[in-house]
Amino acid sequence: MHLTLHITNKCNLQCKYCYVSQGAETMMRETAYAAVDLAAGDAKAKKPCGLIFFGGEPLVERELIYDIVKYSQKIKKETGQVFYYKMTTNGTLLDEDFLKFSRSINMMLGFSHDGYAQDDCRVFHDGTGTAKILEEKIPLLLKYQPYAVAMCTVNPETVSKLASSVEWLFNKGFRYITVSLNYDKSAKWDNKSLAVLESEYKKLAELYIKWTRENMKFYLSCFEMKILSHLRGEKYCEDRCQLGRKQISVAPDGRLYPCVQFVGDAGYEMGDVFSGVDAEKRKIIEQKGSVNPPACENCAINKRCNHTCGCLNRQATGSIAEVSPVQCAHERILLPIADSIAEKLYKERNSLFIHKHYNDFYPILSLIEDKTANRIKY
């Protein structure tokens with residue numbers, strides 16, 4: 001079992017598109033330790049358990065993170081259970097001490113940054129921007145976390161900055177970049193902003209091809225996932241959102257929910273860390289999440305679309321079974337552009353592209369290659 005621990009609702013930022021209701025609620029250590037016990041006890045054949053630190057801003061409670069990791073390592077020593085760690089952070093509270101710690105436990109960091117659009121939405125409570133302070137922290141972050149993921153959110157008001165923002169993040173040294181649309185109902189996407197989005201994706205496609213031809217190793221989520229949807233076929237949707245099956249969100253009070261979008265919704269509560277997962281409620285939620293939205297059944301891109309993600313649907317429409325028209329438009333824009341990238345690079349027999357998408361051992365070989373290169377360099 002993998003758990004997303006919502007360790008606090010406190011945050012030092014007031015991002016304009018954030019869906020988390022900020023407050024003083026923070027997870028008690030007793031609750032956090034019970035969550036670790038639950039994850040370890042549920043794991044079959046001692047498979048690794050993932051602990052993801054989430055907020056609010058997790059680093060507001062960094063001592064709690066230290067204690068949870070310490071406790072999980074105690075469990076590992078006693079039982080042999082292996083844990084791995086992830087954290088999503090706005091980055092403003094990062095410092096060398098925490099980065100050294102994160103590297104010592106192989107914690108993966110997700111670094112929220114919108115590139116040139118950073119100060120448009122990601123601001124402090126007094127409205128001042130965060131771009132300057134984060135630009136100063138990026139070199140330190142990548143020194144200790146070279147595989148940190150830059151997580152870029154796209155809004156209708158900032159969509160014209162998308163391609164340049166991704167290029168800026170790439171030039172800063174990030175090689176793992178995720179691009180996510182703000183699907184919240186409050187986001188005012190219209191035909192004009194969607195047309196700009198298509199234009200920006202085409203610019204990004206040119207950068208993708210350029211970087212690949214230059215033998216630059218990178219991951220750009222918007223295109224990688226759509227290329228994967230072609231390669232995986234019908235299994236693509238099966239591997240996507242699986243409400244409550246593999247990963248569960250733990251609220252600060254210890255209650256369990258199927259994903260981050262559902263925390264606090266009594267209709268999707270499925271137990272707590274002390275009594276465990278309610279199997280019947282979990283089954284009901286899984287069944288809800290496995291229903292194909294009726295409007296999508298006869299769609300030509302049904303098997304390659306993210307319409308099966310109940311969390312995304314919930315964010316966009318309020319219902320896990322209803323797909324937003326914006327999401328439909330986005331998928332129809334993105335798919336042909338991703339396919340054109342793949343067709344071009346495949347026809348060129350680009351070795352990096354082929355290894356990246358057709359060699360199951362590519363991630364391992366790439367990591368070994370990177371480590372070897374670093375040994376030679378240093």
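Student: Which helices and strands each supply at least two residues of the lining of the second largest pocket?
Tutor: One caution before that: this is a predicted model. The helices are α2 (62-79), α5 (131-144), α8 (221-232), α13 (351-358) and α14 (362-377). The strands are β3 (83-89) and β4 (108-112).

Student: Which one gives the largest share of that lining?
Tutor: α14, with ten residues.

Student: And how much space lies in the second largest pocket?
Tutor: About 1,800 Å³. The lining runs to 49 residues.

Student: Which of those lie nearest the centre?
Tutor: Y147, Y176, S366, L367 and D370.

Student: How does the lining of that pocket split by class?
Tutor: There are 26 nonpolar residues, nine polar and 14 charged.

Student: Now the sheet. What is the strand order?
Tutor: The order is β7-β6-β5-β4-β3-β2-β1-β8-β9. That is nine strands in an open sheet, with mixed pairing.

Student: Which strands sit at the edges?
Tutor: β7 (219-220) and β9. Each of these pairs on one side only.

Student: Take β1 and β8. In which sense do they pair, parallel or antiparallel?
Tutor: Parallel, over four bridges. β1 covers residues 2-6 and β8 covers residues 247-250.

Student: How many residues lie between the strands in the hairpin of β8 and β9?
Tutor: Five. In that hairpin G254 takes a positive phi near 95°.

Student: Which residue has a positive phi although it is not a glycine?
Tutor: N106, at about 60°. Look for N106 in the loop between α3 (96-104) and β4.

Student: Where is there a cis peptide bond?
Tutor: From G55 to G56, with omega near 20°. G56 has its place in the loop between β2 (49-54) and α2.

Student: On to helix packing. At what angle do the axes of α8 and α12 cross?
Tutor: Roughly 80°, and the axes come within 9 Å. α12 is residues 325-347.

Student: How do the axes of α7 and α8 cross?
Tutor: At roughly 80°, coming within 10 Å. α7 spans residues 191-213. With that angle, α7 is therefore roughly perpendicular to α8.

Student: Which residues of α7 and α8 make the contact?
Tutor: Y201, L204, A205 and Y208 on the α7 side. On the α8 side, C222, F223, E224 and I227. By class that contact has seven nonpolar residues, no polar and one charged.

Student: What lines the largest cavity?
Tutor: K288, G289, V291, P293, H307, T308, G310, I320 and A321. Four of the lining residues are nonpolar, four polar and one charged.

Student: And what lines the second largest cavity?
Tutor: D114, A117, C152, T153, V154, T158, K161, L162 and S165. By class this lining has four nonpolar, three polar and two charged residues.

Student: Which elements each supply at least two residues of the lining of that second largest cavity?
Tutor: β5 (149-154) and α6 (162-172). β5 gives the largest share, three residues.

Note on methods. Residues are numbered from 1 along each chain as its sequence is written. This is a predicted model: local features need pLDDT of at least 70, side-chain atom pairs count only at pLDDT 80 or more; totals for chains, interfaces and linings use all residues. Side-chain values use heavy atoms; hydrogens and water are left out. Two strands pair if DSSP finds at least two bridges between them. On a 1 Å grid over the protein atoms alone, a cavity is a set of points where a 1.4 Å probe fits but cannot get out, and a pocket is an open set with protein on both sides within 12 Å along at least five of seven lines; lining residues have an atom within 4 Å of a point. Grid points are joined across faces, edges and corners, and a volume is the space filled by probe spheres set on the points. Ala, Val, Leu, Ile, Met, Phe, Trp, Tyr, Cys and Pro count as nonpolar, Asp, Glu, Lys and Arg as charged, and the others, Gly among them, as polar. Axes are lines fitted to C-alpha atoms, for helices over the stretch in contact, and angles run from 0 to 180 degrees between N-to-C directions. Angles under 35 degrees count as roughly parallel, over 145 as roughly antiparallel, 65 to 115 as roughly perpendicular and the rest as oblique. Contact means heavy atoms within 4.5 Å.
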